[in-house]
Amino acid sequence: MAMPRPTAAQLAYGSCTVILSTLAMLLLSQTSSGVGIAIIAVAALALGLLVAMTVPLPGKRPAAVEQPAPAEPVRAPVAAPAREPVRERAVS
């Protein structure tokens, strides 16, 4: 079974999450040690992977339940009423 390729949205969201979360954690922690930076980088990668995997995939929407069309009443053909000739009024 082949692994599906990530979509453009998954790549974009995952990459942005990794970059922004790395910057935020480095600025907030103010660490300068190699171990601290490595832990932050691994945490940011894990967060980016989580975000990329939760982006909805195209075509994976739940199928809508199809409702049957309401039954139309049967209509019997009705003959049109006969037209009466136009009667002219006498001018008085």
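This is a predicted model: local features need pLDDT of at least 70, side-chain atom pairs count only at pLDDT 80 or more; totals for chains, interfaces and linings use all residues.

Trainee: Which residue has a positive phi although it is not a glycine?

Mentor: Most residues other than glycine have a negative phi. The exception to look at sits in the loop between helix H1 (8-29) and helix H2 (34-54). Its phi is about 55 degrees, and the residue is Gln30.

Trainee: Is Gln30 buried or exposed?

Mentor: The cut-off for exposed is over 50% relative accessible area. Gln30 has 68% relative accessibility, so it counts as exposed.

Trainee: With which side chain does the side chain of Thr31 make a polar contact?

Mentor: Thr31 is also found in the loop between H1 and H2, and at 25% relative accessibility it counts as partly exposed. Leaving aside neighbours within four places in sequence, Thr31 is in contact with Leu26, Gly36, Ile37 and Ile40. The polar contact of its side chain, at 3.5 Å, is with the side chain of Ser33.

Trainee: How far apart are the end C-alpha atoms of H2?

Mentor: H2 has 21 residues, and at 1.5 Å a residue they should span 30 Å. The model agrees, because the end C-alpha atoms are apart by 30 Å.

Trainee: Against which helix do the buried residues of H2 pack?

Mentor: The buried residues in H2 are Gly36, Ile40, Ala44, Gly48 and Ala52. They cover an arc of only 135 degrees around the axis, so they lie on the same side of H2. On the other side of H2, exposed residues include Val35, Ile39 and Leu49. The helix that the buried residues pack against is H1.

Terms used:
Residues are numbered from 1 along each chain as its sequence is written. Side-chain values use heavy atoms; hydrogens and water are left out. Helices (H or I, at least four residues) and strands (E, at least two) are DSSP runs, numbered from the N terminus. Buried means under 20% relative accessible area, exposed over 50%, partly exposed in between (1.4 Å probe, protein chains only). Contact means heavy atoms within 4.5 Å. A polar contact is a pair of N or O atoms within 3.5 Å; within protein, one must be able to donate a hydrogen and the other to accept it, and residues adjacent in sequence count only if both atoms are side-chain atoms. The expected span of a helix is 1.5 Å times one less than its number of residues. The arc is that of the directions from the helix axis to the C-beta atoms.
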